[in-house]
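User: Could you walk me through how the ligand is held in this model? I would also like to hear about charge pairing.

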Amino acid sequence: MDDTQSGAAVHAEPALAEYEESFAATIARDQRVEPRDWMPDGYRKTLIRQIAQHAHSEIIGMQPEGDWITRAPSLRRKAILFAKVQDEAGHGLYLYSAAETLGVDRDDLTTRLIEGRQKYSSIFNYPTPTFADVGVIGWFVDGAAICNQVPLCRSSYGPYARAMVRICKEESFHQRQGYELLMTMMRGTEAQRAMVQDAVDRWWWPSLMMFGPPDGNSPNSAASMAWKIKRHSNDELRRRFVDMTVPQAQKLGVTLPDPELRWNEAEGRHDFGTPDWDELTRVITGDGPCNEERVRRRREAHEEGAWVREAAAAHAAKQAARTREGAAA
Ligand code: 3HC
C-alpha cells in the first residue's frame, strides 16, 4: 500500500537533481534567484564573499575622503563631500542587508572585517594628502566603481542586483562631483593644476588594480560568470574604464602616467601598460600604505559605537514588549 492508498497523502521532497535543474534553468533564462529559492552552496558562498567584501569597501571607503570633511575649502565643497561620504555609509547598509538575506549576520561580517579575516577593496588603502585626491577619487574610483557595478545591476541574485541599482544612481553623482572639482582646480592656479596632476599620477594605477587580478589569475571569475553573478571579466571592465577615462583626461588637461597608453585603431580600443600586480597582492594581503590605519579606525569606531547598538536593542525590546502587552490587553 502506498501513501495515497492509505489516505495520508505525503508530498515527496523534490530530489536534489530537480533543485539543481530548476536553479540552472533560472540562470539560463536570465531570471533572478531570490533568497527563498534553492541555490548551490558554492553560489551562496561566492555571493556572501563578494557582497560582504563590497559592503566592507563602502564602509572603509568613507575614511580616505572623510579625512577632508573638516578641511574642505568652502561650505559648498564640505556639503558635497558630507553627502557623498554619507552615501557610502548607505551603500554599505544596503549591501549588508543583501548579504543577510543569504543567512549571514551583519555583526559577524563586521567582526571578520575588523579581525582582518575578510577583504575590502585595495583602493582604500592609499592616502589622501591633498584636496585634489578628493576629486580624483570621485573621477577614477567612482568611475571604476560605475564600470564594475552597472553590470552588477543585472547580477543573478535579486537582492544584490536591486541594491546595485540604487547604488549606481548615486555613484554617478559621485563621479561627476569629482570631475567638476578637478575642472575647477584646473582653471585655478599653477599650483592647483600641479596638485591635480600629482593626484592623477598617484591614483591611476591603483584604480586599474581595483578591477582585480588579470583574467588568467582570477580564481573566482569562471564560476561567478557561469552563475551570472559577474557579467564581465576583470580585464574586460578594466579596458572599458581606460577607454572611458582617456578622453576625459584629455578634456581636463592632465596626462595619464602610462607611456604605453595609445589608441589601437585596429582593435578600436586603447592599449595600455601592465599594472604592478605584486603591489596589488601586497595591498590585498594587508601590506598597503594605509591598511593598518583603516582597519584600526574601523575597529575603534565599532567599539565606540557599542553603546548606540545597546541602546537601540534596548529600545527595540521595550517596543516589542509594549506591543505584546497591547495585544494581550
Ligand atoms: N581589492 C581587494 N581584493 C581584491 C581586489 C581588489 N581590488 N580584486 C580582487 N580581489 C580579491 C578577490 O576578492 C579574491 O579574494 P578571495 O577569493 O579571497 O575572496 C581574489 O582577490 C581573487 O580575485 P578574483 O578576480 O578571483 O575575485 P572576484 O571574482 O571576486 O573579482 C572583484 C573581484 C572584481 C572586485 C569582484 O569581487 C567584484 O566585482 N566585486 C563587487 C564590487 C566591489 O566590491 N567593489 C569594491 C569597490 S567599492 C567602491 O568602489 C565604493 C565606491 O563608492 C567608490
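This is a predicted model: local features need pLDDT of at least 70, side-chain atom pairs count only at pLDDT 80 or more; totals for chains, interfaces and linings use all residues.

User: Where does the ligand sit, and how much of its accessible area does the protein cover?

Analyst: Let's start with the place: the ligand is in the largest pocket.

User: Which helix gives the most residues to the shell around the ligand?

Analyst: The elements that give two or more residues to that shell are helix 3 (41-60), helix 7 (132-149) and helix 8 (158-186). With 6 residues, the one that gives the most is helix 3.

User: What is the make-up of the shell by class, and how many residues are charged?

Analyst: There are 32 residues around the ligand, and those that come nearest are Gln 53, Glu 88, Lys 119, Ser 218 and Lys 230. By class, the shell has 12 nonpolar and 13 polar residues, and the charged ones number 7.

User: Which residue has a polar backbone atom 2.9 Å from an oxygen atom of the ligand?

Analyst: A backbone N or O atom of Met 210 lies 3.3 Å from a ligand nitrogen, and one of Pro 219 lies 3.3 Å from a ligand oxygen. The polar backbone atom at 2.9 Å from a ligand oxygen belongs to Asn 220.

User: Which residue does Arg 77 meet in a salt bridge?

Analyst: Side chains of opposite charge can pair when their charged atoms come close. The whole structure has 20 salt bridges. Arg 77, in helix 5 (residues 75-100), is linked to a residue of helix 8 that is 103 residues away in the chain. At 2.9 Å, N to O, the partner is Glu 180.

Note on methods: Residues are numbered from 1 along each chain as its sequence is written. Side-chain values use heavy atoms; hydrogens and water are left out. A residue is near a molecule or strand if one of its heavy atoms lies within 4 Å of it. A polar contact is a pair of N or O atoms within 3.5 Å; within protein, one must be able to donate a hydrogen and the other to accept it, and residues adjacent in sequence count only if both atoms are side-chain atoms. On a 1 Å grid over the protein atoms alone, a cavity is a set of points where a 1.4 Å probe fits but cannot get out, and a pocket is an open set with protein on both sides within 12 Å along at least five of seven lines; lining residues have an atom within 4 Å of a point. A molecule sits in a cavity or pocket if more than half of its atoms lie within 2 Å of its grid points. Helices (H or I, at least four residues) and strands (E, at least two) are DSSP runs, numbered from the N terminus. Ala, Val, Leu, Ile, Met, Phe, Trp, Tyr, Cys and Pro count as nonpolar, Asp, Glu, Lys and Arg as charged, and the others, Gly among them, as polar. A salt bridge is a side-chain nitrogen of Lys or Arg within 4 Å of a carboxyl oxygen of Asp or Glu.
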